[in-house]
Amino acid sequence: MTVIVTGGAGFIGSNFVFHMLNTYPDYRIICLDKLTYAGNLSTLEPVMNNPDFRFVKLDICDREGVNRLFEEERPDIVVNFAAESHVDRSIENPEIFLQTNILGTQVLMDACRKYGIKRYHQVSTDEVYGDLPLDRPDLFFTEETPIHTSSPYSSSKAGADLLVMAYNRTYGLPVTISRCSNNYGPYHFPEKLIPLMIVNALADKPLPVYGEGLNVRDWLYVEDHCRAIDLIIHRGRNGEVYNVGGHNEMRNIDIVKLICKELGKPESLITHVEDRKGHDMRYAIDPTKIHNELGWLPETKFEDGIKKTIRWYLDNREWWEAIISGEYQNYYEKIYGSRARH
Ligand code: NAD
Ligand code: TYD
């Protein structure tokens with residue numbers, strides 16, 4: 001089997017590359033990545049010399065380049081992680097989100113049609129369902145929940161999902177979609193909540209919590225997400241959507257307090273700042289379908305996963321120090337510099 005993994009130099013994609021190389025020693029894994037600010041070649045260093053692995057620096061919007069790669073590799077499976085993935089950046093500049101997340105998906109699927117594949121898998125997000133109210137803990141996102149997006153990011157992901165289903169129905173392209181809740185774990189770019197708070201706390205810098213910090217996210221350890229995608233691409237039914245989440249809802253403020261506790265840092269570092277525009281209140285996944293059909297269950301409890309994650313950031317300082325010393329400084333200033341205290 002030859003599998004093209006797009007966005008494999010990013011957070012979840014790189015964890016998936018490692019998962020696949022470890023799980024299927026007879027597979028060939030090709031990572032296609034543009035290496036945007038979020039892509040990091042040093043992450044893939046441990047597998048660069050693996051004969052079953054190939055890295056190709058390429059933009060998924062580059063039709064000629066993508067077709068050339070498909071011609072060379074004739075993949076059986078394509079798993080598309082490549083995306084602009086950060087909500088705050090999408091609020092600042094939506095355009096690149098539409099280009100990469102929607103048009104890039106189209107280019108990949110056109111190549112899949114042209115060269116034939118067994119399965120195109122779209123890595124989507126629970127954010128396409130919009131948000132749930134805090135006072136209705138009985139409600140969860142199922143695969144039947146209507147698409148109802150809030151941010152340019154989630155809208156671009158929803159647009160891509162609709163296109164994937166259209167290619168399935170119109171052209172008969174074999175596809176699956178997974179919609180996962182918030183991931184955490186190693187190699188998470190420090191613009192996202194958990195790694196940002198770890199990195200700031202280690203430097204005794206303010207911990208910028210948006211609004212009151214009462215928003216709820218449903219956190220899943222990244223390896224559990226990778227196992228879910230592995231199951232879906234091999235055993236998931238053509239044309240189906242699978243929600244992925246582990247019933248682990250937590251308020252942002254509680255996560256930040258937990259990080260302070262684990263690192264032995266004072267909660268006085270917590271600074272409430274101006275809220276995110278259009279901020280989704282609560283995400284919560286009902287994973288019944290993937291459990292019943294494919295037997296998937298999360299394996300890592302949050303208490304263990306967060307400890308492992310914090311340990312990883314302590315042990316891999318060079319990885320994130322290289323990131324935060326560069327262009328990240330400008331990003332940080334732009335997003336947080338003008339944010340008034342709440
Ligand atoms: P990330 O931002 O860490 O990584 C994205 C990767 O895609 C980077 O390596 C980047 O270089 C690459 N990329 C961006 N534009 C590209 C382009 N035009 N061509 C080729 N490569 C390009 O993102 P992530 O958190 O690993 O998310 C991966 C996927 O999973 C995304 O599609 C995201 O929507 C989805 N997702 C993420 C989460 C989460 O909690 N992080 C949850 C559910 C779904
Ligand atoms: P994030 O990691 O950006 O993921 P998403 O918005 O895709 O769920 O944010 C998770 C939650 O944390 C979200 O409610 C916004 C909040 N947040 C903060 O309070 N402060 C921050 O600095 C960041 C990055 C996020």
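**Conventions.** I number residues from 1 along each chain as its sequence is written, and letter chains from A and number ligands from 1 in the order in which they are written. The model is predicted, with local features needing pLDDT of at least 70, side-chain atom pairs counting only at pLDDT 80 or more, and totals for chains, interfaces and linings using all residues; side-chain values use heavy atoms, with hydrogens and water left out.

**Ligand 1.** I looked up the shell first, taking a residue as near if one of its heavy atoms lies within 4 Å of the molecule. The shell holds 28 residues, and Ile 12, Asp 33, Ser 85, Tyr 153 and Lys 157 come nearest. By class I find 13 nonpolar, 11 polar and four charged residues. Here Ala, Val, Leu, Ile, Met, Phe, Trp, Tyr, Cys and Pro are nonpolar, Asp, Glu, Lys and Arg are charged, and the others, Gly among them, are polar.

I then went through polar contacts, meaning pairs of N or O atoms within 3.5 Å; within protein, one atom must be able to donate a hydrogen and the other to accept it, and residues adjacent in sequence count only if both atoms are side-chain atoms. A nitrogen atom of ligand 1 lies 3.0 Å from a backbone N or O atom of Lys 34. A polar backbone atom of Ile 60 is 2.9 Å from a nitrogen atom of the ligand. For Phe 81, a backbone N or O atom is 3.1 Å from an oxygen atom of ligand 1. Taken alone, ligand 1 exposes 840 Å², and the protein buries 97% of that (Shrake-Rupley method, 1.4 Å probe; for residues, only the protein chains shown count as cover).

Helix 1 (11-23), strand 5 (119-125) and helix 5 (152-171) are the elements that give two or more residues to this shell. Strand 5 gives the most, with three residues. Helices (H or I, at least four residues) and strands (E, at least two) are DSSP runs, numbered from the N terminus.

**Ligand 2.** I count 19 residues around ligand 2, the closest being Glu 127, Arg 217, Arg 276, His 279 and Tyr 336. They divide into nine nonpolar, five polar and five charged. Helix 6 (193-202) and strand 8 (207-210) each supply at least two of the shell residues.

From the backbone, a polar atom of Tyr 210 is 2.8 Å from an oxygen atom of the ligand. The protein covers 97% of the 510 Å² of accessible area that ligand 2 has on its own.

**Aromatic rings.** My search of the whole structure gives 22 aromatic pairs. Rings of Phe, Tyr and Trp (its six-membered ring) pair if their centres lie within 6.5 Å, with planes under 30 degrees apart counted as stacked, over 60 as edge-to-face and the rest as tilted. Tyr 184 and Trp 219 are edge-to-face, because their planes stand at 75 degrees, with the ring centres 6.5 Å apart. Tyr 184 is in strand 7 (residues 183-184) and Trp 219 in the loop between strand 9 (216-218) and strand 10 (220-221), so the pair ties together parts that are 35 residues apart in sequence. Both residues are buried, where buried means under 20% relative accessible area, exposed over 50% and partly exposed in between (1.4 Å probe, protein chains only).

I also traced a cluster linked by ring pairs, made of Tyr 37, Phe 189, Tyr 210, Tyr 328, Tyr 331, Tyr 332 and Tyr 336. Tyr 210 has the backbone contact to ligand 2, and Tyr 336 is among the residues closest to that ligand.

**Arginine over rings.** My criterion is NZ of Lys or CZ of Arg within 6 Å of the ring centre and within 35 degrees of the ring normal. Arg 113 lies over the face of Tyr 171, 3.5 Å from the ring centre. Arg 282 lies over the face of Phe 140 at 5.5 Å.

I found Asn 243 in strand 11 (residues 240-244), buried at a relative accessible area of 0%. Its side chain reaches the backbone oxygen of Phe 141 at 3.1 Å and that of Thr 142 at 3.5 Å. Thr 105, in helix 4 (residues 95-115), is also buried, at 0%. The Thr 105 side chain makes a polar contact with the side chain of Asn 80 (3.5 Å).

**Positive phi.** Tyr 187 has phi near 70 degrees, sits in the loop between strand 7 and helix 6, and is buried at 16%. Asp 204 has phi near 55 degrees. The loop between helix 6 and strand 8 holds Asp 204, which is partly exposed at 46%.
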